Structures are given as C-alpha cells and as structure tokens.
Amino acid sequence: MPGVIRGLLGRAADLAGSQLVLHDLDGGRLDLMRRLAARMIAAAGADLEIRAERELRPALDGADFVFTTFRPGGMRARHLDESIPLRHGVVGQETAGPGGFLMACRSVPVLLEIASVLEETAPRAWIVNYTNPTNIVTDAVLRHSGARIVGLCDQHAGDLELWAGLLGWPAGRLEADWLGLNHATWAERLRLDGVEVGGELTERLERLEPPSGDLAMRQLVELARALGLLPNSYARYYFFHDDVLAELRARPTTRAQDVMARMPALFDDYQAAARQHAPQPSRERGGGGHGELAIEAICAIAGDEGRRLIVNTRNGGVIEGLEAEAVVEVPSLVGAAGPAPLAMGPLPRPVRGLTMAIHEYEWLAAEAAATGDRRRALQALMAHPFVKRKAVADAILEEGLAAHRDHLPQFFPAG
Ligand code: G6P
Ligand code: MN
C-alpha cells in the first residue's frame, strides 16, 4: 500500500482534488494504512483527501477508479496453494499452475462481487486490478459482469531490467514488445531509443554466457538462447518444470512462509513510519514500484493520455491466431476509453503452442472460478501444461477445494 501512496504523490498535481478511499477487512491494518497515508499526503502537501471504509458498498460509492489488490485467505492460503500441488508431483506456485488455479477460485468471486456493486453504484468506474492471477480475474470480470476492468502486473518491467543488465543495454532506453499472457509473455522485438535492435538481439543472446551462481538466471539465459527471444521469468516453471519441482521440494519452507516471516518487521516499520511527520516507509514488497503502474494507468485513463502501457485486456485480434476474446498481456495505448491494444502479429513459433495451451487453461479456469462448475474446474487442471495425468488433476482439485472451502462460495453454496 505505501507504494500506491508513493505513486499517487508522484502524480499529485494530476490528481489534485481527488478523494482516496481505503478498504480492508482487517480494521487494524486499515487504520494503520489510513494514518500512514494521511501523514505521507500531508508531508507532501498534496491536495488529496483520504478516508477509510470497512464496508465494501460505502467504499465503492461514486468511485471513478477501484484499485483492487488482495488475497482471500492471506498468506496461509498461499502456503496451501504452493504446497498442495507439490504433494502430487506438480510445481506449487502462487499464480502459475494448480496453485494459481486455486487462487483464482478464491479471487474471482470477490472481484465479481465488487463488479456487481459497481454496476449498480458506479457503472462507469474502472477496476484497476492487481489481484492475482490478474489475467484470469480480468477475464472472469469481463465475461461475467458489465464492469470495466484492466489487469495489471509489473513483471515485464522487472524482466526488462534483468535482460537489459544481462545483455548490456541501458534499461531506461530500452522498450520491449512483451506479448502473450500474464506471466507467460515473450519479447522478440526490442527498441533502443526507439530504434529496433533486430539482429543485434540474436547476436547478443548468442554471446551471452549463462551467469554462474543463481540457478533461475541460468535457466532463463538457456531459454532465451534456445528460443531466440526474451522469456518472462515465469517461463522456467514450464521449461524446467521437474527441476523446479525438485528445488521446491528440497526447500524447508514455501515462499508464503518466507514472506510471512518478514511481515511482523514490515508492519513494525509501517507503525513507526505512521508516527513520523514525513514518513519514509519501507520500499519492500508493496512499498515500491507496484503501485506506480496502477497510478500511471489511472492517470492515463483519467487524463486521456493515450500512454503506452503493458496491460491485460481483450485480444481483439492484436495477437494473430489467438481468439479475439482471450485476455492477453500486450502493449496498449491507454486513454479515456481504456486500453487500446497494439497490433503484435502472431506469437513467436517456438512458444506458440505453449501459449495457446496456457490460454485454454486460463479460459477454463476463469469459467470454473466464476461459476463453481466442478467439471470445468477439472478440465482447467487437466488442460494445464504442468498436469500430465487426469488422476493428478482429480487429486489436486479435491484436496485444493476442500482446503479452501471457506473462501469458495461458488463451489460450496451455503446450506
Ligand atoms: C511478481 C509477480 C507478481 C507476484 C509477485 C510475488 O511481482 O509479477 O504477480 O505476486 O512477484 O512476489 P512475492 O515476493 O510475494 O513472492
Ligand atoms: Mn504479476
């Protein structure tokens, strides 16, 4: 959250006179974040009003933009998402694979509730979504409500920086056409100061030595060289599935547990910051760049800027060969009418089949998460490239739904 406030303050002049409403189910955290944000806003002398709402309806009332980022069940649920697939020989990851499917099943009903309140109270509002899996959530809202939504993830920014560093290009001057699906994007076309680098990318990739040390980096470099393009960091889960599985199984903790262990210190930091006159809360986790992309998207729509941002939106034909209704992650010009995705051509052939398979899984997952249809849920897991056997899909589905029962009203209707 502090990252969102930082983002807002960075665009305070464009947003002058706006009212910011925070909403959280956890009253203690909500109050802390309100106090911290109020201090940050006051210290910056920004013309922004702030209030906090425990209830959803008053929080959404009259909104122009609804920035959504939450995880039903919190980090404990993430731990289950990451550990259940592992027991069945499948990578356990919070957004990719069956872990991401289970998270989608928890996230989608909440987003659909927000969408339905908005349809009644603020039908012109834009949902600017960070809730993961962001593309599945975006797809479910687009298909099952009349609300307006754009899905965000800043992975591409981090990935571009990573590749710029490895390839010896200054990140700030490099622009990439990342195209595909969220956490499954690929970049073949790169521009340095607006000029296509073309064959230079291939040459630099060929000369690139896999860095020693970090295994994930070595895998990514191997992939880039083999595929002849820049892969998203999540590509290793697909092309090194069994290696990652072994790595995860050998670890004593899940990523969720590692993150949980850091939470108390982070919240102590926020508590201390909220008492300062000019707070400088930690930039760790939600304190850094995350919020900035959301604010950029909001300003681009509010100010009809037509800015190029990489977002998740309907394909509509910009990726050739992928159905028009697919939700894709592509460079788009974002203005008053929302994102207008830019024509990207076909998917690179070496990853075309994989990307199409992931899309089919995502379509089924969004459908299952929105409707609670168990057969669709099983089909989604069976369609996922990580899942090789029906019995595995059956087992993960049964165990996963039971473990998350309290957050799955669509699968377990009351009574
Ligand atoms: C990246 C991804 C996000 C994801 C996050 C998890 O930023 O793009 O979608 O939520 O990593 O990071 P964490 O530190 O929680 O493992
Ligand atoms: Mn992401």
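Me: Why is phenylalanine 67 called partly exposed?
Reply: In this predicted model, phenylalanine 67 has a relative accessible area of 26%. Buried means under 20% and exposed means over 50%, so a value of 26% falls in between and phenylalanine 67 counts as partly exposed.

Me: And what makes tyrosine 130 buried?
Reply: Its relative accessible area is 10%. The cut-off for buried is under 20%, so tyrosine 130 qualifies.

Me: How many aromatic pairs does the structure hold?
Reply: There are 5 aromatic pairs. One of them joins phenylalanine 67 and tyrosine 130.

Me: Why is the pair of phenylalanine 67 and tyrosine 130 called edge-to-face?
Reply: Let's take it in two steps. The ring centres are 5.8 Å apart, and a pair needs centres within 6.5 Å, so the two rings do pair.

Me: What makes tyrosine 238 and phenylalanine 386 a tilted pair?
Reply: Here the centres lie 5.0 Å apart, with 50 degrees between the planes. Stacked needs under 30 degrees and edge-to-face over 60, so 50 degrees leaves tilted. This pair links distant parts of the chain: tyrosine 238 belongs to helix H10, phenylalanine 386 to the loop between helix H15 and helix H16, and 148 residues separate them. Both tyrosine 238 and phenylalanine 386 are buried.

Methods
Residues are numbered from 1 along each chain as its sequence is written. Chains are lettered from A and ligands numbered from 1 in the order in which they are written. This is a predicted model: local features need pLDDT of at least 70, side-chain atom pairs count only at pLDDT 80 or more; totals for chains, interfaces and linings use all residues. Side-chain values use heavy atoms; hydrogens and water are left out. Rings of Phe, Tyr and Trp (its six-membered ring) pair if their centres lie within 6.5 Å; planes under 30 degrees apart count as stacked, over 60 as edge-to-face and the rest as tilted. Buried means under 20% relative accessible area, exposed over 50%, partly exposed in between (1.4 Å probe, protein chains only). Helices (H or I, at least four residues) and strands (E, at least two) are DSSP runs, numbered from the N terminus.
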